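Let's take a friendly walk through a protein structure. Keep the sequence and the 3D view side by side as you read.

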Amino acid sequence: MCGIVGYVGKKISIQDSLIKNLKTLEYRGYDSAGVAYVCDNKVEIIKKSGKISNLEEAIDDNLTSNMGIAHTRWATHGDATDINSHPHKVGCVTIVHNGIIENYLELKDLLIKKGYNFLSSTDTEVACAYLDYLKKDIDNNLEVIKEFQKGIKGSYALGIIFDDELDTLYATKCDSPLIIGLSKHENLIASDVSAIVNFTKKYVIVNNLEIIKLTKDKVEFYNSDLEIINKKIEEVNWSIEAHDKCGYEHYMLKEIHEEAEVLRNTLNDYIDVNAFLKNMPDFSKYKKIHIVACGSAMHAGLVGKYIIESDSEIEVNVEVASEYRYKKVFYDKDTLVILISQSGETADTIASLRKAKEDGIDTLGIVNVVSSTIAREVDTVLYIKAGVEVAVATTKAYLLQVAMLMLINLKLKYDKKLINKDELSSSLDMFKKAPNYLQELLNNEDTYFKLASILYQDEDIFFIGRGIDYAICMEGSLKLKEISYIHSEAYQAGELKHGTISLISNNTKVIAVMTDKDVYLKTISNIKEVKARGAYVILITIDSIKEELEFADEVIVVKDINKYLTPMLAIIPLQLISYKVAYLRNCDIDKPKNLAKSVTVE
Ligand code: F6R
């Protein structure tokens, strides 16, 4: 989604102060980019649709400034054109904006009556004009922003330059992420920390309706009553190398190859030297769980549902956050709502969290980004340690979300006295070996890459599986379609014959996942049904299923360590196949079209 950066400090090149930082936000997804900078006591604007490289080309390398704001836009209101790109300047105000102004049409009417004309179709230009309109009657720029907040409905993170204070950058936010980077004689604003690490590791998280006034040597934080407030300074705990491909051709491949290591790091935080769980809450009081998330995080939740329901004997509903936030939900004090989010900033997941909290329900977050909105607002946060995930398609964070749900399941089982301490320890001992098994699969990537060459020219690929295998199929299918643009569907294997099987014909590719020992014979029957209609079947299974597998055209066998580890192992071939298929189709793997890494608008 949109990205914001802003710089006030030394007179240095725009490329260094703004463009370099903006590039670190490319992974969030965008379709145009722009910059506004102060030069000869004026604000100049350059903006271009398409990649940041288009913008870069339009900026002279020798162009310097001591203050500016820049933006990557992911179109919501109006096409991805130069004119709709940010920054917008109206009268004496220039802004960059993330979020959606919900009452922009109402404000636009008012402003047109006051004589304003609009060049773009964006809500942001309206917000900018509204600030300019307020500025006409108010001298103090903090007061202008305070009044602006009162008149705006919706979400925003804003970087603002007022023509009458060309050495001061202003920022504010409501429901869209914003941080402030602090350095010596240089201060920054950004929508996420990756855009400040070129300059500093010190940053402050901005809360809703706070207003920040930044100059070269000073940063002041104000609450919505314009009282100065003290803020906690945080420190980024990863280095700029996290944004390096480290020799891999794509971030996605690098991140898949990090899976063993990040799993090891995460397990170290939750399993102690005596093979007992640490840093986990007591789950004994819960009788019901709701898992709420979007996309891959929701698919991780589905894997968790199958394991927790069968193992800990407690009902688990998995819900898509964009639905959950608006529907009637049946929960009570015995329900735990688990929100899963890599970024911790997904708008629908945040809204679902707030809904549960308002209703007095306990919430727990499985989150990657430290101090993100979800991490801060849940009652309990369990961090996964994926590190920075740059590729838009999640891989390592998904794997750790699944791992965390497995640990939660074991703790639940223990708290509900379904297993004793020794049984828990022996399961956790196995868990500690999981990174080694993952590594073995990762070392085998050529085997999976070969399968990609069978698939990459197809336009429809089906995934089938039963029970937990269906949950794995959902993620495999999403991974494939989002980066390769091949149409793909995941089906419960037994459901296929109720309609979708009519799409199976000669050489239709079907990927079958069959790791659930309770239902594998049923899955075999379903595979034979598609084979009988001409399908070409790639089967992913486990080594403890001893059946003859000659009915499949290709077979991938993963080790059956135990049921907790299998979903983590089975996803690796699927991630690698998807990667290679997209590669062979020449797709923009790390930044698939229309997608954003962090979906901060609903
Ligand atoms: C797919 C993908 C998305 C995210 C979803 C939720 O590869 O990455 O489906 O899983 O947008 O994002 P987070 O986890 O940040 O809430």
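This report visits a sheet, a loop residue, the cysteines and the ligand site of a predicted model.

**The sheet**

Begin with the strands. In general, strands of a sheet pair through backbone hydrogen bonds, and the pairing can be parallel or antiparallel. Here, an open sheet is built from 5 strands with parallel pairing, and their order is β21-β20-β22-β23-β24.

Now zoom in on one pair. Strand β20 (residues 460-465) and strand β22 (residues 509-514) run parallel and are joined by 4 bridges. For Ile461, the bridge partner in β22 is Lys509. A helix joins the picture too: α16 (residues 520-532) packs on the sheet and touches β20, β22 and β23 (536-542). The direction of α16 makes about 170° with that of β22.

**A residue in a loop**

Next, find Leu503 in the loop between β21 and β22. Leaving aside residues up to four places away in sequence, Leu503 touches Phe462 and Thr508. Leu503 and Arg533 are 30 residues apart along the chain, and their C-alpha atoms are separated by 9.6 Å.

**The cysteines**

How many disulfides does a search of the whole structure find? The search finds 0. Take Cys92 as an example: the nearest cysteine sulfur belongs to Cys128 and is 8.7 Å away, and Cys92 is in no disulfide. For a disulfide, the two sulfur atoms would have to be within 2.5 Å. Another cysteine, Cys473, has 0% relative accessibility and therefore counts as buried.

**Around the ligand**

Finally, turn to the ligand. There are 14 residues around the ligand, and those that come nearest are Ser341, Gln342, Ser343, Thr346 and Glu482.

| Residue | Atom of the residue | Distance to a ligand oxygen atom |
|---|---|---|
| Ser296 | backbone N or O atom | 3.1 Å |
| Ser341 | polar side-chain atom | 2.6 Å |
| Ser343 | polar side-chain atom | 2.7 Å |

Ser296 takes part through a backbone atom, whereas Ser341 uses a side-chain atom, and so does Ser343.

Conventions
Residues numbered from 1 in each chain as written. Predicted model: local features only at pLDDT ≥ 70, side-chain atom pairs only at ≥ 80, totals over all residues. Heavy atoms only, no water. Pairing = 2+ DSSP bridges. Helix = DSSP H or I, 4+ residues; strand = E, 2+ residues; numbered from the N terminus. Contact = heavy atoms within 4.5 Å. Axes fitted to C-alpha atoms, helices over the stretch in contact; angles between N-to-C directions. Buried < 20%, exposed > 50% of the residue type's maximum accessible area, 1.4 Å probe, protein only. Near = heavy atom within 4 Å. Polar contact = N/O pair within 3.5 Å; in protein donor to acceptor, adjacent residues only side chain to side chain.
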